[in-house]
Amino acid sequence: MTEARETAVYTHGHHESVLRSHTWRTAGNSAAYLLGALRPDMRILDIGCGPGTITADLAALVPDGHVTGLDREPAILERARAVAGERGLTNVDFSAGDVHALDFPDDTFCVVHAHQVLQHVGDPVRALREMRRVTVPGGLVAVRDSDYAAMTWYPPSPGMDRWLDLYRRVARANGGEPDAGRRLKSWALAAGFTDVTAGSDTWTFSTARERAWWSGLWADRTVASAYAGRAVEGGHADREELREVAAAWREWGAREDGWFSVLHGEILCRKEA
Ligand SMILES: C[S@@+](CC[C@H](N)C(=O)[O-])C[C@H]1O[C@@H](n2cnc3c(N)ncnc32)[C@H](O)[C@@H]1O
């Protein structure tokens with residue numbers, strides 16, 4: 001991989017419409033596949049922690065252990081520190097860093113976790129090698145990523161078909177892989193793991209409240225987030241097309257029979273003891 005791809009652009013940025021989704025996330029709705037393996041004294045690294053709501057939940061689950069949240073964007077770490085502070089957590093800290101070159105010694109963490117991160121990085125196999133390096137022998141690397149091409153909804157909407165096509169093109173132009181969920185197992189094997197448990201899980205948005213929230217944040221992202229700017233600057237869409245896609249999201253959200261499913265791939269990789 002070239003240096004340019006390793007430093008892929010984070011497609012979404014941290015606009016309020018993006019954080020509306022990230023701050024909704026909990027260990028329960030985003031890391032359930034990992035929770036059964038946690039013990040109270042574990043040391044955890046949460047890579048690409050963003051605003052840190054999952055990180056804070058993990059810290060509460062390891063009261064005798066410690067969690068380090070890491071993100072490439074220093075500004076979002078202030079938000080994560082505030083979340084941890086509001087919850088009175090004392091066993092969590094945050095630092096800036098890049099998953100491709102982690103600034104930790106070998107064999108440091110019992111669990112290395114990344115939620116919705118590898119789809120945005122330029123070299124996911126190298127990232128997984130780094131995650132493996134800083135995991136103790138016998139420890140776990142836990143990764144969950146959505147898979148855009150597998151997202152599905154009802155009723156059919158040509159405008160939302162355009163959204164999906166546009167999003168996947170912009171994410172790839174930024175150096176990421178939007179259909180990451182299906183690839184996690186193959187990336188883990190390529191990174192040298194021999195003990196990989198692969199599964200999948202979904203988020204479903206269907207009630208009036210869920211539809212309003214999900215459609216509203218995607219409509220706003222489509223016209224106002226860093227993604228919108230990159231779609232236009234990269235020549236993938238003009239502002240009028242983005243407004244039409246946002247309108248399609250709002251029309252879907254207003255449909256009483258609306259239903260949307262987000263498929264995620266999940267892997268639990270155990271490092272040889
Ligand atoms: C979709 S957000 C996920 C945030 C959080 N894990 C969650 O699920 O709510 C992806 C995060 O990964 C970070 N990120 C992107 N590329 C990264 C890299 N190479 N190293 C570390 N963090 C990165 C972004 O800054 C962003 O905060």
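Colleague: Where does the ligand sit?

Modeller: A cavity is a set of points, on a 1 Å grid over the protein atoms alone, where a 1.4 Å probe fits but cannot get out. A molecule sits there if more than half of its atoms lie within 2 Å of the grid points. Here the ligand sits in the largest cavity. This is a predicted model, with local features needing pLDDT of at least 70 and side-chain atom pairs pLDDT 80 or more, while totals for chains, interfaces and linings use all residues. Residues are numbered from 1 along each chain, and side-chain values use heavy atoms, without hydrogens and water.

Colleague: Which residues come nearest to the ligand?

Modeller: Near means a heavy atom within 4 Å. Of the 20 residues around the ligand, H14, R25, G48, D71 and H115 come nearest.

Colleague: Which polar backbone atom is 2.7 Å from a nitrogen atom of the ligand?

Modeller: Polar contacts pair N or O atoms within 3.5 Å. That backbone atom belongs to G48; V99 has a backbone N or O atom 3.0 Å from a ligand nitrogen, and for a polar backbone atom of R72 the distance to a ligand nitrogen is 3.3 Å.

Definitions and conventions
A polar contact is a pair of N or O atoms within 3.5 Å; within protein, one must be able to donate a hydrogen and the other to accept it, and residues adjacent in sequence count only if both atoms are side-chain atoms. On a 1 Å grid over the protein atoms alone, a cavity is a set of points where a 1.4 Å probe fits but cannot get out, and a pocket is an open set with protein on both sides within 12 Å along at least five of seven lines; lining residues have an atom within 4 Å of a point.
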